[in-house]
Amino acid sequence: MMIGWKLHGDGRTPPPGEVVRPDERLSWPRTAGIGAQHVVAMFGATFVFPVVMGLDPNLAIMMSGVATLLFLLIVGGRVPSYLGTSASFVGAVAAIRAAGGDSATVTGAILVAGVVLALVGVLIHFAGGDVVHRVFPPVVTGAVVMLIGFNLAPVVANVYWPQDQWVALATLGFAVFCAVLLRGFWARIAVLLALVFGYLLSWLLDSTAGKITSVLPGQNLLDASGKACQAEGPYCVATAFPHDRINVDGVKAADWFGFPSLHAPDFKTSAILLALPPVIALIAENTGHVKAVAAMTGADLDPVLGRAVAADGVGTALAAAVGGSPTTTYAENIGVMAATRIYSTAAYLVAAVVAILFGLCPKFGALVAATPGGVLGGITVVLYGMIGLLGAKIWIENRVDFADPVNLVPVAAGIILAIGDVTLKITDDFPLQGIALGTIAVLLGYHVLNAVRGPDGAGGGVIAPGEREIGGPVRPSGAPETGAG
């Protein structure tokens with residue numbers, strides 16, 4: 001049950017060695033304090049990623065609260081989790097916008113991905129958690145997460161960084177120093193601190209050094225003859241012009257209280273195909289979250305794994321249906337639970353309500369949306385790289401054996417296809433490119449090669465057939481390796 005929490009002890013901080021279980025709570029003032037910690041923990045990434053994706057950060061914050069409430073209801077209060085904005089869709093959104101898609105096209109594709117994720121959750125619930133590892137072994141999930149992150153490198157290089165390279169460099173340096181030198185909670189919000197630093201630096205430079213001349217996407221559009229044009233495209237491009245780093249016109253016009261702007265989704269097949277690969281990353285994220293909570297609480301949560309995945313899908317679909325950002329479980333909030341040893345879902349209820357109230361302040365959303373491009377250039381270098389390296393983390397933790405060509409070849413091909421944004425035209429109106437093409441190459445390549453190779457694993461190594469590499473033979477004798485070594 002999500003309501004009717006039992007009071008843990010006297011409602012004060014639990015004694016050393018004890019934990020507050022999901023169906024328990026502390027006194028309501030203390031529960032509210034823990035809930036506030038969860039809001040702060042998720043806040044940075046939850047509003048940064050919508051800005052990067054070109055979506056409304058106010059609506060993202062509000063819908064993250066709504067999605068969290070839905071999640072707690074669907075899992076029956078057994079899995080404490082906050083559903084913040086997912087980073088897994090950032091690459092797909094960048095590709096959709098690069099192909100001319102608008103926010104409606106983006107949210108339509110995300111909505112379909114959410115529905116697919118919810119259906120996968122239902123399948124897991126009835127078929128059991130093992131189906132996840134059979135279809136999406138660590139070598140596949142790691143590769144998909146990696147190609148999603150590294151596919152974003154051109155966005156940094158071509159869109160954000162050139163807007164203000166020195167602010168971008170300063171923001172990057174500040175983020176790195178915060179992540180390395182700070183400890184505990186402050187290290188966890190290094191990206192948020194860097195965003196605030198970059199914002200203040202941009203304001204200072206506007207006040208002292210004056211305007212900067214650079215290209216802003218969608219602004220000062222000119223054709224080949226230098227005349228103003230309306231729609232950005234091959235013959236109508238954004239050109240450099242002097243401008244302030246921070247434009248606060250939208251902040252001044254925004255109300256203090258009000259409902260975020262909503263929009264209906266639009267569905268295009270090419271965009272939907274780009275948004276489906278992140279579903280694999282979300283399955284991996286949700287599975288990891290449930291297993292982490294199970295390990296910390298000592299509870300058997302395998303029976304609700306399918307519900308957790310489905311709940312994330314429902315939250316993503318609902319958020320996208322009104323123009324919001326995709327959702328996922330947050331590792332930042334696992335960190336809060338690990339530090340406090342308080343796993344009460346009552347704290348997440350408080351956090352969700354607070355997030356909904358934050359979302360009802362349009363002026364705050366306008367302030368976030370005014371984040372300078374140079375600042376985004378600095379923090380996205382870190383964010384996109386971290387997303388990509390999470391894939392390597394999955395491989396390392398699961399000891400994936402890349403001496404096995406069944407693991408090596410599909411992953412190598414898929415990552416290059418994605419990073420290079422290679423396009424395969426099935427028809428004129430049905431292209432596969434970048435993330436979608438890379439994911440299909442990894443997923444199909446892995447399973448097809450596993451199916452066709454001999455039962456004894458015959459089919460020599462790619463690096464040096466029949467030879468020995470440092471650390472042993474390229475293909476060990478005996479039973480073939482499949483996903484993790």
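**View 1. Trp395 and what surrounds it.** Setting aside neighbours within four places in sequence, Trp395 is in contact with Pro138, Val139, Gly142, Ala143, Met146, Val400, Phe402, Val411 and Ile415. Contact here means heavy atoms within 4.5 Å. This is a predicted model, so local features need pLDDT of at least 70 and side-chain atom pairs count only at pLDDT 80 or more, while totals for chains, interfaces and linings use all residues. Residues are numbered from 1 along each chain as its sequence is written, and side-chain values use heavy atoms, with hydrogens and water left out. Trp395 counts as buried, because its relative accessibility is 12%. (Buried is under 20% relative accessible area, exposed is over 50%, and partly exposed is in between, with a 1.4 Å probe and protein chains only.)

**View 2. The largest nonpolar core.** There are 105 residues in this core, and Phe71, Phe89, Tyr384 and Trp395 have the most contacts inside it. Helix 18 (residues 373-397) supplies the largest share, ten residues. A nonpolar core is a set of buried Ala, Val, Leu, Ile, Met, Phe, Trp, Tyr and Cys residues joined through side-chain atoms within 4.5 Å. Helices (H or I, at least four residues) and strands (E, at least two) are DSSP runs, numbered from the N terminus.

View 3. How many aromatic pairs does the count come to? The count is two. Rings of Phe, Tyr and Trp (its six-membered ring) pair if their centres lie within 6.5 Å; planes under 30 degrees apart are stacked, over 60 edge-to-face, and the rest tilted. Phe174 and Phe197 are stacked, because their ring centres are 4.3 Å apart and their planes sit at 5°. This pair links distant parts of the chain, with Phe174 in helix 8 (residues 165-181) and Phe197 in helix 10 (residues 190-208), 23 residues apart. Phe174 is partly exposed at 29% relative accessibility, and Phe197 is partly exposed at 27%.

**View 4. Trp395 again, with Phe402.** With ring centres 4.8 Å apart and planes at 75°, Trp395 and Phe402 make an edge-to-face pair. Phe402 counts as partly exposed, at 24% relative accessibility.

**View 5. Helix 8 against helix 10.** These two helices pack at an angle of about 150°, with their axes 9 Å apart. (Axes are lines fitted to C-alpha atoms, for helices over the stretch in contact, and angles run from 0 to 180 degrees between N-to-C directions.) On the helix 8 side, the residues that meet helix 10 include Val167, Ala170, Phe174 and Cys178. On the helix 10 side, Leu193, Phe197, Leu201 and Leu205 are among those that meet helix 8.

**View 6. Arg399, out in a loop.** Arg399 lies in the loop between helix 18 and helix 19 (405-419). What is the phi of Arg399? The phi of Arg399 is positive, about 50°, although Arg399 is not a glycine. Most residues other than glycine have a negative phi. Arg399 counts as exposed, with 63% relative accessibility.

View 7. Leaving out neighbours within four places in sequence, Thr316 is in contact with Ile110, Gly114, Pro326 and Thr327.
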